[in-house]
Amino acid sequence: MRLPLLIGVLLIAISILIDIYIYFSIPRKKLLTRMSSRLLYGISSVISISLIITVVLWPKRDLESSLLPIMWLLYAWISIYISKLVACTFSWIGLIPSIFHRKKWPLGKYVGLPIGFLIFLAMWYGALWERHNIDVQEITIESARIPKAFDGYRIVQFSDAHVGTWGNDTAFISSLVNKINSLDPDIVVFTGDIVNRKTDEIIPFISTLGRLRGRHGVYSIMGNHDYGLYVDWPSEEAHTKDTQWLRNIQRDMGWQLLDNQHISLKEGNDSIILAGVENWGEPPFPSFGKLDEAIAGVSPDDFTVLLSHNPMHWHNIVRECSNVDLTLAGHTHAMQMRIITPWRNYSLSGLKYPEWEGLTSYKRNDGFLSRVYVNIGCGEVGFPARIGAMPEITVITLKSSR
């Protein structure tokens, strides 16, 4: 989690300005004997602002430091000051009539405060309940390129577990594993980001994740957080050793890690291709994904499923430069905040990623149909909550139209 000093100072300044405005908006009537409401608010403000100061000063890239305290502190600060900002905004709107020497509207008190309070409740609902509430999405991929023997084949995808956010609490991951196994998958695929920063985060979860079962196996790829790029290592040797340790643990759990390679999945005399690339990074982060290596030797006639953590890989390269039929991605988390409507869903994630959730199809000029499914993940990083973006498991059923 990155919080540059300049941004941190700006957030502190915004907090102080909001509190000064609210402080001088409070009437001078007493709440308790010898203690004014302004004094009470001043004390609460100092405590609230100390949250963001602690986050700014916390050694976030230190190898021995934990992200968990600052994730919760930052989230607490956001929940308080987003609510305050909403109340202040309505209060400022209510000042408009005073420009024309008329009585101001009490929008801050009667509109801003209730809405701000509802936002505060929604945020903590997302932290205390919705992040545990697993959502199973089911989609069908129909194609004449799918062999008849694979009609009804079930691929169960999960992504972005970020197990370090749970510390030593295995309850949620255990529920996730039980749910996946109950879906009777032919294969289980994990599309990257199993940890937040370093490999030892996965240790409490090894036996739990090792219980995952698919008829034809469990397959995984590396995500951007799996390379230890978010901490300062004492040496490159220590960094490389940690990354290799994570690879070894996945293999020891019975998962097959697809590092820029592919396998053939067989049903009778028919087969499809399952390929995987290492993380395809966007600047300033390195890119380890090599599509050419992953599908080297694959026939253009083979129905091919690609595991690629970042959906921008599909958007920028895969759909135009390969005969990959279906790409399964993660990475976006829907920024862990989503508004669901009957017509379409909305997330700030859409400002950065053209494909940030669900299924998208693209037909090339040569008639080839390429598709990507973006799973919004089951874990959290940055802040420990999901608001309207429940932890997702995806069941992809193949349907042959031959």
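Trainee: What makes Asp-184 exposed?

Mentor: Its relative accessible area is 58%, and exposed means over 50%, buried under 20% and partly exposed in between, using a 1.4 Å probe and protein chains only. So Asp-184 counts as exposed. Keep in mind that this is a predicted model, where local features need pLDDT of at least 70, side-chain atom pairs count only at pLDDT 80 or more, and totals for chains, interfaces and linings use all residues. Residues are numbered from 1 along each chain as its sequence is written, and side-chain values use heavy atoms, leaving out hydrogens and water.

Trainee: Where is Asp-184 found?

Mentor: In the loop between H6 and E5, and its phi is near 55 degrees, positive in a residue other than glycine. Helices (H or I, at least four residues) and strands (E, at least two) are DSSP runs, numbered from the N terminus.

Trainee: And Asp-160, why is that one called buried or exposed?

Mentor: Buried, because its relative accessibility is 0%. Asp-160 sits in the loop between E4 and H6, and has a positive phi too, about 50 degrees, though not a glycine.

Trainee: Why are H3 and H5 called roughly antiparallel?

Mentor: They pack at an angle of about 160 degrees, and over 145 counts as roughly antiparallel, under 35 as roughly parallel, 65 to 115 as roughly perpendicular and the rest as oblique. So roughly antiparallel it is. Angles run from 0 to 180 degrees between N-to-C directions, with axes as lines fitted to C-alpha atoms, for helices over the stretch in contact; here the axes are 8 Å apart.
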